[in-house]
Amino acid sequence: MSTPTTTMSEPVRLAADILLDEQLDASEGWTNLAECRQYNGDDWYAERGDMLATARAKRICGGCEVVTQCLAYALDRHEPHGVWGGLTAAQRTRLLRAQRKAVASAGERDTSRAAS
Ligand code: SF4
C-alpha cells in the first residue's frame, strides 16, 4: 500500500479524491479489478512535478491487471488529469498525437497508391 508522502493542498487533494472516485465509478466491470482501489488517490493525481508520487502510481499501474482497459478508457475520453493505465496526461496526449499522425500517414500512402 502506498503511503502518501506528497504535500498536496487540501483543494488539490479533494479534487484528486473526486477524480479518482469518478475514475473508479466508471461503471465498467474492469474498475472492480483496479489495483488503485486499494490506495488513496494522491499519487495518481499528484501535483505537477511530483515525480516520486507519479512514479509510485505508475509502478502500481504496471502491476494492475486492467491496465489496458484503463488506458483505453482514458484515451477514449481524452482524460486530461491523472495517471491512467500507467501513463500521465502528457504521455497520453503524446500517444494520441502519434496515433493521429500514424493514421494520417497511412491515409496519405493509400491516397498516393490509388493515384498511381
Ligand atoms: S492501470 Fe492504474 S489507474 Fe488504471 S485501474 Fe489500474 S492501477 Fe488504477
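Predicted model: local features only at pLDDT ≥ 70, side-chain atom pairs only at ≥ 80, totals over all residues.
**Notebook: a first look at the model**

Residue numbers run from 1 along each chain as its sequence is written.

Next I checked confidence overall. The protein averages a pLDDT of 83, and 76% of the residues score at least 70.

Then I went through the elements. I found 4 helices and 0 strands, where helices (H or I, at least four residues) and strands (E, at least two) are DSSP runs, numbered from the N terminus.

Which residues are closest to the ligand? I got Ala34, Cys36, Cys61, Cys64 and Cys70, out of 14 residues that surround the ligand (the cut-off is a C-beta atom, placed from the backbone, within 6 Å of the molecule). Helices α2 (51–62) and α3 (67–76) are the elements that give two or more residues to this shell. By class the shell has 11 nonpolar, 2 polar and 1 charged residues. Here Ala, Val, Leu, Ile, Met, Phe, Trp, Tyr, Cys and Pro count as nonpolar, Asp, Glu, Lys and Arg as charged, and the others, Gly among them, as polar.

I looked up burial too: 23% of the 116 residues count as buried. Buried means 20 or more other C-beta atoms within 10 Å of a residue's own, exposed 12 or fewer, and partly exposed in between, with C-beta atoms placed from the backbone.

The largest nonpolar core has 15 residues, and Trp44, Ala57, Cys70, Val83 and Trp84 touch the most other members. Such a core is a set of buried Ala, Val, Leu, Ile, Met, Phe, Trp, Tyr and Cys residues joined through C-beta atoms within 7 Å. Helix α2 gives the most to this core, with 4 residues. Leaving out residues up to four places away in sequence, Val83 touches Trp44, Thr54, Ala57, Lys58, Cys61 and Thr88.

Last, I stopped at His78, in the loop between α3 and α4 (89–115). His78 has a positive phi of about 50° although it is not a glycine. Buried or exposed? His78 counts as exposed because it has 10 C-beta neighbours inside 10 Å.

Definitions and conventions:
Contact = placed C-beta atoms within 7 Å. pLDDT = per-residue confidence, 0-100.
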